[in-house]
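Dear colleague,

I am handing over the structure below, and I would be grateful if you could look through it alongside the notes that follow.

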Amino acid sequence: MASKVSIFLPFLISLLAILNQTLCLESNPNPNSITQTDQDCTDRWIHIRKLPPRFNLDLLSNCSVYHPFYENFCPFLSNHGLGPKTHNRSQSWFRSDPLLLELTFHRRMLEYPCLTSDPNLANAIYLPYYAAIDSLRYLYGPDVNVSTEHGLDLFDFLQENNLPIWEKSYGIDHFLVMARPAWDFSQPLDVNPPVWGTSFLELPEFFNVTALVVEGRAWPWQEFAIPYLTSFHPPTLAFLESWISRAKSSRRTTLMLFAGGGGVSATPNIRRSIRNECDNSNASESFLGNGGGYNRVCDLVDCSNGICEHDPIRYMRPMLQATFCLQPPGDTPTRRSAFDAIIAGCIPVFFEEQTAKSQYRWHLPEEMYEEFAVFIPKEEVVFKGLKILDVLMGIPRGQVKRMREKVIELMPRIVYRKHGSSYGLRAKKDAFDIAVEGALQRINSRLRGHFYQ
């Protein structure tokens, strides 16, 4: 492990120097109290709370500490958390690690047009705390048995330093990003011995703070889900439009595709049912000659042991060739693959209600759900013998075409564009813009005494 750390040490020193120089903008983004902008910033002013490096930048220097318990994420810190390019000539595709959404979100906040250095003039306070990275020492490290303490150090800092910022609304105007599912931060405070996760979201101290998580639970008002970090981060409008054109024109020669792992045990579950149906369907030649218009009924991309996580080429090419992309739940209801599928113009097929329909309402409006996705109850497939193939083939071709068009229309909303992107691309709202807008709406509504969902 020491040799790996020494390899990445010069890179980390360089990265931290760049980040420290960039993040100095937070304390005073403009000599005036409010940044100068030609945009209407009514109810949109945000103050970035300056936190000690131990809450963000210093955590990046521990990128290899938890290996082999957790994958070494040192190689993916480049490009402010977007990771290295997939190849030297790539402009939009990176080997991104979803854990680093907090870092990339922080970098994008520095470009937000309505920043103010005066917290008293702000509508919201952003906490640049890398909660998911900090949680690794509780989830995998020697501190795992004191995971109820995750977040208490941050709260103590907020109480001991410039307390009026917190006392203005006792956290209602604060928000932060957490790049892991909410379940990983929801260990009950009174469980002994501890179970998986930390207790950050169970701490009464943070009940008022809005937490933007990659997957949320159904009941806590303070949680709201935002898209996973994918590998597509276009720097200009031309690159985005070029990819959209490719997704539109791609020939869909496979009916359905599953990219993922699991499903190999004898225990009945949705992934096992998908694998079995896929194997059996491909063995039948009658479907291919029955006017289906496909060369292949089902395609499986084996992503076991995380081999696809930093290699978008492995799954993106097959997704471009598929009409439907199957999104069975795993440890949690949703998966990053659902957003990869949308980027490929592949219609997502969900098997649990608590997925895109109930989670990502800012980015994927619930009223549009049936326009861009298919829902098949997993119980019907696993225990009642419903064939996924029959459901998908029963959808009229005209409806399939309209669904794919809607998927492609939604694509810009779930993409995190590259920091420093062109003006033309900034005119289109991406996942970051919609997340910030949603957080502001929730906070402003809450401050006015209204419950906002």
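**Disulfides**

With a torsion of -110° about the S-S bond, the link between cysteine 278 and cysteine 298 is left-handed. Cysteine 278 belongs to helix 8 (residues 270-282) and cysteine 298 to strand 7 (residues 296-302), so this pair ties together parts that are 20 residues apart in sequence; helices (H or I, at least four residues) and strands (E, at least two) are DSSP runs, numbered from the N terminus. The two sulfur atoms of cysteine 278 and cysteine 298 are 2.0 Å apart, where a disulfide is taken as a pair of cysteine sulfur atoms within 2.5 Å. Both cysteine 278 and cysteine 298 are buried, which is to say under 20% relative accessible area, with exposed meaning over 50% and partly exposed in between (1.4 Å probe, protein chains only).

Before going further, please bear in mind that this is a predicted model, in which local features need pLDDT of at least 70 and side-chain atom pairs count only at pLDDT 80 or more, while totals for chains, interfaces and linings use all residues. Residues are numbered from 1 along each chain as its sequence is written, and side-chain values use heavy atoms, with hydrogens and water left out.

The structure holds five disulfides, and when the bonded cysteines of the protein chain are numbered in sequence order, their pairing reads 1-4, 2-3, 5-6, 7-8, 9-10. One of the five joins cysteine 63 to cysteine 74, with the sulfur atoms 1.9 Å apart. The torsion about the S-S bond of cysteine 63 and cysteine 74 is about 90°, so that disulfide is right-handed. Cysteine 63 and cysteine 74 both lie in the loop between helix 2 (57-60) and helix 3 (101-109), 11 residues apart. Cysteine 63 counts as buried because its relative accessibility is 2%, and cysteine 74 counts as buried because its value is 1%.

A further disulfide joins cysteine 325 to cysteine 346, S to S 2.2 Å, and with 110° about the S-S bond this link is right-handed. Here the pair connects distant parts of the chain, with cysteine 325 in strand 8 and cysteine 346 in the loop between helix 10 and strand 9, 21 residues apart. Cysteine 325 counts as buried because its relative accessibility is 0%, and for cysteine 346, also buried, the value is 0%.

Five strands form an open sheet in the order 7-6-8-9-10, and the pairing is parallel; two strands are said to pair if DSSP finds at least two bridges between them. Strand 7 and strand 10 (374-375) stand at the edges, each with a single partner strand, so one side of each is left without a neighbour in the sheet.

Strand 8 (residues 322-327) is mostly covered, six of its six residues being buried. Strand 6 (residues 254-260) runs parallel to strand 8 and is joined to it by three bridges; among the bridge partners are threonine 254 with alanine 322 and leucine 257 with cysteine 325, the latter being the cysteine that is bonded to cysteine 346. Strand 8 also pairs in the parallel sense with strand 9 (residues 347-350), over four bridges, and leucine 326 stands opposite valine 349 in strand 9. From strand 8 the chain crosses through helix 10 (residues 337-343) to strand 9, and this β-α-β crossover is right-handed, meaning that, with the strands pointing away from the viewer, the path from the first strand over the helix to the second runs clockwise.

Helix 9 (residues 312-320) lies across strand 6, strand 7 and strand 8, running at about 170° to strand 7, where axes are lines fitted to C-alpha atoms, for helices over the stretch in contact, and angles run from 0 to 180 degrees between N-to-C directions.

**Glutamate 352**

Glutamate 352 lies in the loop between strand 9 and helix 11 (356-359), and it counts as buried because its relative accessibility is 19%. Leaving aside its neighbours within four places in sequence, glutamate 352 is in contact (heavy atoms within 4.5 Å) with Pro329, Pro333, Phe375 and Lys378.

With best regards
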